[in-house]
Amino acid sequence: MSKSDVVVIGNGFAGLMSALVSADQGKKVTLLSYGAGTFPLNSGVIDVLGYDDSGKAVANPAQAVGAVADEHPYKKIGTQALEESVKFFQDVVAAEGFPYVGSLNEQQWLITGVGTLKPSCLIPESMQGSKCFEASEIVLVGVKGLKDYYVDMVAENLAKELGNDKKYTVVTVDPHYKGARDLTTKDVASWMDTDAGYSDFVSQVKESAGAGKVIVVPQILGLKGNVVWKKIVAELGCPVVETTAMPPSVNGLRLRDVLLSALKKKGITVIENSKAEEAVIEGSKAVAVKAGGEVRLQTYNADKFIVATGGFYSGGITMRDFGEAKEVIFGLPIECDCVEERWVNKQLFSDKKQTFAKTGVRVDATLRGVNESGNVVLQNVYVAGRNLSGYDFCFEHSGNGVALASAYKAAKA
Amino acid sequence: MVKDKATVVVVGGGATGVGILRDLSMRGIDALLIEKLDMVNGASSRYHGLLHSGARYAVRDQEAAKECIEENTILRRIGKSCVEAISGMFVQVEGDDPDFVDPWVKGCAESGIKTREMSKEEALRLEPNLSRKLVRAFEVPDGAIDGFRMSWQNVLSAARYGGRYKTYTELIKINVEGGAVKSITVRDNVTKEEYDIECEILVNAAGPWAGKVAQMAGLDCSVSPSKGTLIAFNQRISNRVVNRLRKPSNGDIFVPHGSITILGTSSITIPDPEDTSTSWDEVEELMKTGEGVFEHLRDYRILRVFAGSRPLYVPKGADGGRNASRGFVTLDHEKEDGLKGMMTICGGKFTTYRLMAEKFCDVLAPKLGNTAKCRTAEEDLVPAVSEADKKAARQYFPSYGVNLAATRLGTDKFPEVVKTLKENPETREVLCECENVTMAEVMRIAQEPTSHSVADVRRRTRLGMGTCQGNYCAIRSAAIANKLFKDKLEGCGDSLSDMKNFLQARWKGITPVMAGKTLREAEMTRGMYEVLFNVNGGRR
């Protein structure tokens, strides 16, 4: 069994970025993958910090990140690593021909799949909801048979966000689908990737396009980067904006494809369908992880390990019973305030963070797990992404931002 | 102002009330049922859904056991579409009192309940998830029952005999003149209008609220609301009902329903029947006991925890809780308190709701000079949907959803929905994959006079009540409701609030079990609705 410099465990955004940054440092990298992380769920946009502790929208993410609480991962990562990571990411996606717009000094605004606005930091060109702010008419395009995109509801909520002095027009495109099942955005995006599908779509919305208007569409502009978006903007002669989408999100998959392509170019070894089950520890260092499928486990040796296995959703952190939270591979120390009065807010959507959501690995500024006295437990095991404790990414809208910056810092260490 | 009149007014839309409504209507007595909220919102839909064989009562209360087995047989016959005609098991595990078994077997035999002991091997083959610490196992004729649907079918059956019902109609005053009830004052909880209904006899069938109703007439009726907490799991843990073979206590019963299993129950005396809160301790107690029967219980995903209040009747001087009788009493307030025109029914359990209504109405009917015999055991609750209609439906429905929709909609509405599906392909969209609910069905149920809000439509159709806990259908139902029922149903017009309220209602049942795989589901729900859809709104 050959040995790598770095083994990255996890195939989500934090895992892929950890692998890319490590390889950029000249390291020999092996990535153990199992599942697709949250790409299909998060629409592939990089939220850095959307809302502060009181639930107020953050205008300048760089500034707000400097003011987070001590427990927050950003405090440990530091603003310098965050800034560098943003540049690194933008260079990677631009080199792959899928540029992201935005900076740490302002928010970008997305239109969500239900018509609300959402702040984010780095977004693909096709999702710039701010184009709607100045428009006099917004044309909302629905697709017949497309499930989970209700154009009337998007119109209702968008009008509440942007005001009624604009005109809102609804157009429904018929994809002439003859099958019996309901369509997803992925189905429609595949149709848009065909010449016939594209022409059919354009012919049905062309009349509604024009100067002063913005066309808002569900996340259907092809599965490959920004190819279809560029073409359709040129053809319709006005801005076209994609919303966020119910999983499986097309843009999440686009970003994933782009990053996997970059990984390949860097010569990173990706082991697919290989679930890391246990670690081999010697003294205060990990020497290997064992991973595999149902039949047998392979041993992967390395000098350094980056844990990017995610939180409760991805299974990197589990809690079989109240108070028994675990990091499943290395048994890293967990921060978990599991007290009945605080654990869950009675309100699902409230102006408070959820305590349970902050459960994760307790780390120091080097992003290594530390015990309660603050001493590093395993010298060569680093943590990135939702494995970390001390933040509620849903409340803050900070998921991919923490993932990116922590991946960068863990890989650089 | 008098706006309505009925010979008998029944207060309470739970199993007891609807059973009485049906019984009276079938005897030809003019009856009206009022319910302060939506139909069947209390314990009749908040229990484990066990169709008792009676075996649970075989040692302590053989009269109850006999009633159960007789009613079990009747309900299997008249309520086919509400009953899962599975059997049940009583299992003894290591540590349980071995001396409990013989008196139990004897008690079952004396009560007419067939039991069959099976070998440990057979029991584990039939139910492989059972604990390896199993000692003895017996088969009994338990079943599973959908309390919500059966109650509604009683209402629909009563309606065919002229019985009437008003939901969201709350009793606020009982008007007595010359020692007799003359009328009641009610409030329409939708329009807030108050008005009087004249009646000859007022029936208090308010379950755990019966004490409060009695108070309105200045009477004392001691009902001790006893809270039962239950846990719903995301799978069929067993194919049969599984009971612990020991003295009845908390967390003894597992009842499979469709694709889920319900574990129950606790028994805590509470002052307020509206209190359906649950704590970690209650959950832990149920889990701990349940683990004795299914050792991997903590690895199964919990869907939600919920609670209902049993209406236990406590004769003066007795204590409540698990020792209170599961039997029922009929109180004729003319005899007991000298107040004419009012009767109370109290206590009981779902399995015997029909018998309770029969015995109660046998006392009530003669007061009105009616000598008709009870016929509720003779006739099915609802006629079965025809095979021809189901066959036609299979062209448009996901085929395994046909039976689900047919039993929900019944003979009158099912063909109408199929017609809509045929004529309008867009209504074929499946809004809820878990429960197989199409847009056409939602549209039809929204037209019902009892559908005042989106929540009412959801309960009737089961839209969003399935195993995804509303993750996927919250957005769909909010969008559809706002498109189709704007200005018609309460709660429409603001899709974001509707979506949030819906998920919040589910959240209540999730918070006490926020551990294990439930955490995973919660992180996904929040990822979708907070991060992706930002339902709290944008430029705060």
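1. Two residues are taken to be in contact if their C-beta atoms, placed from the backbone, lie within 7 Å. On that basis, 41 residues of chain A are in contact with 37 residues of chain B. The model is predicted, so that local features need pLDDT of at least 70 and side-chain atom pairs count only at pLDDT 80 or more, while totals for chains, interfaces and linings use all residues. Residues are numbered from 1 along each chain as its sequence is written, and chains are lettered from A in the order in which they are written.

2. On the side of chain A that touches chain B, the residues divide into 17 nonpolar, 13 polar and 11 charged (Ala, Val, Leu, Ile, Met, Phe, Trp, Tyr, Cys and Pro count as nonpolar, Asp, Glu, Lys and Arg as charged, and the others, Gly among them, as polar).

3. Chain B is divided into domain 1 (2–43 + 148–222 + 325–367), domain 2 (86–144 + 225–313) and domain 3 (387–532), with bounds from an automatic or database domain assignment. The C-alpha centres of domain 1 of chain B and domain 2 of chain B lie 32 Å apart, and 10 residues of domain 1 of chain B are in contact with eight residues of domain 2 of chain B. The domain 1 side of this contact has seven nonpolar, three polar and no charged residues.

4. In H11(B), B:Ala405, B:Leu409, B:Lys413, B:Glu416, B:Val417, B:Thr420 and B:Leu421 meet B:Ala440, B:Glu441, B:Met443 and B:Arg444 of H12(B), helices being DSSP runs (H or I, at least four residues) numbered from the N terminus. By class, this contact comprises six nonpolar, one polar and four charged residues.

Terms used:
Helix = DSSP H or I, 4+ residues; strand = E, 2+ residues; numbered from the N terminus.
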